[in-house]
Amino acid sequence: MFDLPVDSPESRREATRFRNNLIDMGFSMAQFSIYAKYTPTLSQTRFFLAAVKSAIPPYGGVRVLKVTDRQYSAMIRYENSYLSEPEQAPEQLSLFDAF
């Protein structure tokens, strides 16, 4: 989750660069300033945490929230006012495409 300033052309470029870095790392946009990525192992989580940290612009706020598989599967989700099934964790093989 992030809140980055966009009050100047340079800060907008930095915010766009950060979003593009997240997408290049295989994150998907949950909301405009909230991106998510499934990592099945702790070592992958650490790798991506370091990658995100190195991509953070000098100004603004970034928060990382780690959720276990069990917590994710218990998530309640609505779409268009209707209860929706939570997304399934991606297959292991599809994770290698992002590297």
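A residue is called buried when its relative accessible area is under 20%, exposed when this area is over 50%, and partly exposed in between, as judged with a 1.4 Å probe and protein chains only. By this scale V67, at 46% relative accessibility, counts as partly exposed. The model examined here is predicted, so local features need pLDDT of at least 70 and side-chain atom pairs count only at pLDDT 80 or more, while totals for chains, interfaces and linings use all residues. Residues are numbered from 1 along each chain as its sequence is written, and side-chain values use heavy atoms, with hydrogens and water left out.

V67 sits in the loop between β4 (61-62) and α3 (69-73); helices (H or I, at least four residues) and strands (E, at least two) are DSSP runs, numbered from the N terminus. Together with M1, L65, Y72 and M75, V67 forms a nonpolar patch on the surface, with about 460 Å² of accessible area in total. Such patches are made of residues with over 30% relative accessible area and no salt bridge, with nonpolar side chains (Val, Leu, Ile, Met, Phe, Trp, Tyr) joined within 5 Å and like charges within 9 Å. A salt bridge is a side-chain nitrogen of Lys or Arg within 4 Å of a carboxyl oxygen of Asp or Glu. The areas come from the Shrake-Rupley method with a 1.4 Å probe, and for residues only the protein chains shown count as cover.

Turning to the rings, the structure holds 4 aromatic pairs. Rings of Phe, Tyr and Trp (its six-membered ring) pair if their centres lie within 6.5 Å; planes under 30 degrees apart count as stacked, over 60 as edge-to-face and the rest as tilted. One of these pairs is F2 with F18, edge-to-face at 5.2 Å centre to centre and 90° between the planes. This pair links F2 in strand β1 (residues 2-3) to F18 in helix α1 (residues 9-24), 16 residues apart. The ring centres of F2 and Y35 are 5.8 Å apart and the planes meet at 25°, so this pair is stacked. Because Y35 lies in strand β3 (residues 34-36) and F2 in strand β1, the pair ties together parts 33 residues apart in sequence. F2 and F18 are buried, and Y35 is buried as well. F2, F18 and Y35 form one aromatic cluster.

Backbone angles come last. Most residues other than glycine have a negative phi. N80, however, has a positive phi near 55°, and the phi of S81 is near 70°, also positive. N80 is exposed, with a relative accessible area of 67%, and S81 is exposed at 70%.
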